[in-house]
Amino acid sequence: MPAQGHKTYMQIGKEVTWGTPVAATDKFEVISSAIVPVIGTIQDPSLHSAVSRRALYQAGRLVRGTFTLRMNYIGMLQLMRGIFGTYSSTLLSVPARDHEFKEASALFSYTIELFTDVPGGKCEQYVGAKFINATWRGTAGQGNDAMVQCEVTVLAKEIVTDITPASLGAFPALYPVLYHQSGAAPNGVVDDGTTETVNARVRSFEVSYEQPHTEDRFYMQALNMDEPLRSDFVTVRWRFTEEFNSKTALDHALAFTVGSPKLVFQHPEIITGAFRREFELRSNKANLVDYSHPIEGYGIVISTLVWEAWFDTVDATALYARLRTNESAI
């Protein structure tokens, strides 16, 4: 029986030592996945009597790719810790808790199980995986893009096949982050960086968090690369498309004014007291590095804002993320 997409799910477990597999502890649904081996080759350059190559040999190997999933108010803690590195938790009122995520000097590594049911009941295991990039995006309106999605880039050591996945039971409860929950009272926030939350008519957003890591740590006697480490600064970019009904963003761009883009989504269901489930992204320090509002014909003029964030000493990170849930600290 061939693999069928609807059977797919993903599980992860935080490794103690990079490249040493562990049992999965967290399970979630995915929208798509494309994590593949990067297979190096050595083409024999020797001249001989034929016009084709003498031989082909195996070279260094690594694993790279992406997966996309629904941003959920619960069940995301371990994944978010993997993306950011620094995690803390504050109890608000039992069982409501804020889980905060910030940048770290080094990322944790994970063992990923991707269930494909090939062979029957088995999965592929990705060992020594680091979540080096993440992008959150959403679009106001209708269709699947109106649900906030997260795309994660994976860099791993190896793929192992024919693995029996850990038995983790049911998926986390279904609490998707929806675009209109950014306006939920009392805490929903859409700030395009200018603090003009009333005038800003944001139609779509994209927040990218890129963390370059080495992919060339190959040594004699080893087929697989060594642990990927940071190779450049983190890059955080916010992209908003919105109706052009204020000159404030343009003035910010021309004056290179420091802005503070922020999104807070709030689920209407109460956890306890006045606390509801929330998902927040913010950058306290950012500058507009690209701005446009082209006039392309009849109708509403749309402007595009691109902010690049930098380190904020208060948040101690360029991009801050928070999940308010009823889950215990991890």
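Predicted model: local features only at pLDDT ≥ 70, side-chain atom pairs only at ≥ 80, totals over all residues.
Residues are numbered from 1 along each chain as its sequence is written, and side-chain values use heavy atoms, with hydrogens and water left out.

One of the pairs is formed by Phe84 and Phe101, which are tilted, with 6.4 Å from centre to centre and 35° between the planes. This pair links distant parts of the chain, as Phe84 belongs to helix α1 (residues 77-84) and Phe101 to strand β6, 17 residues apart; helices (H or I, at least four residues) and strands (E, at least two) are DSSP runs, numbered from the N terminus. Phe84 is buried, with a relative accessible area of 0%, and Phe101 is likewise buried at 0%. Here buried means under 20% relative accessible area, exposed over 50% and partly exposed in between (1.4 Å probe, protein chains only). The rings of Tyr110 and Phe131 have centres 5.1 Å apart and planes at 25°, so this pair is stacked. Distant parts of the chain are again linked, with Tyr110 in strand β7 and Phe131 in strand β8, 21 residues apart. Tyr110 counts as buried at 0% relative accessibility, as does Phe131 at 0%. Ring pairs also join Phe84, Tyr87, Phe101, Trp136 and Tyr209 into a cluster.

Several backbone features were found in loops. Most residues other than glycine have a negative phi, and most peptide bonds are trans. A cis peptide bond joins Val94 and Pro95, with omega about 5°, and Pro95 is placed in the loop between β5 (85-93) and β6 (96-103). The bond from Val118 to Pro119 is also cis, with omega near -10°; Pro119 lies in the loop between β7 (110-115) and β8. Asp117, found in the loop between β7 and β8, has a positive phi near 65°. Ala316 has a positive phi of about 60° although it is not a glycine, and its place is the loop between β17 and β18 (320-325). Ala316 is partly exposed, with a relative accessible area of 34%.

In helix α2 (residues 248-255), the buried residues are Thr248, Ala249 and His252. Seen down the axis of α2, these fall within an arc of 100°, so they line one face of the helix; the arc is that of the directions from the helix axis to the C-beta atoms. An α-helix has 3.6 residues a turn, so residues three or four places apart point the same way. The buried residues of α2 pack against β16 (286-292) and β17 (302-309), with contact meaning heavy atoms within 4.5 Å. Just after α2, Phe256 takes a positive phi of about 55°.

Grid points are joined across faces, edges and corners, and a volume is the space filled by probe spheres set on the points. The largest pocket has a volume of about 310 Å³. Of its 19 lining residues, Tyr179, Ser182, Gly183, Val190 and Val202 are the closest to the centre. At least two lining residues are supplied by each of β8 (123-139), β11 (189-191), β12 (202-210) and β14 (262-272), and β12 gives the most, with 4 residues.

The structure holds 2 cavities of 30 Å³ or more. The largest cavity contains about 70 Å³ of space, and its lining includes Phe28, Glu29, Arg70 and Phe171. The second largest cavity contains about 60 Å³ and is lined by 14 residues, of which Asp192, Glu242, Asn245, Ser246 and Ala249 lie nearest its centre. Two or more lining residues of the second largest cavity come from each of β13 (235-243) and α2.

Conventions
1 Å grid on protein atoms, 1.4 Å probe; cavity = no way out; pocket = protein on both sides within 12 Å on 5 of 7 lines; lining within 4 Å. Phe/Tyr/Trp six-rings, centres within 6.5 Å; stacked < 30°, edge-to-face > 60°.
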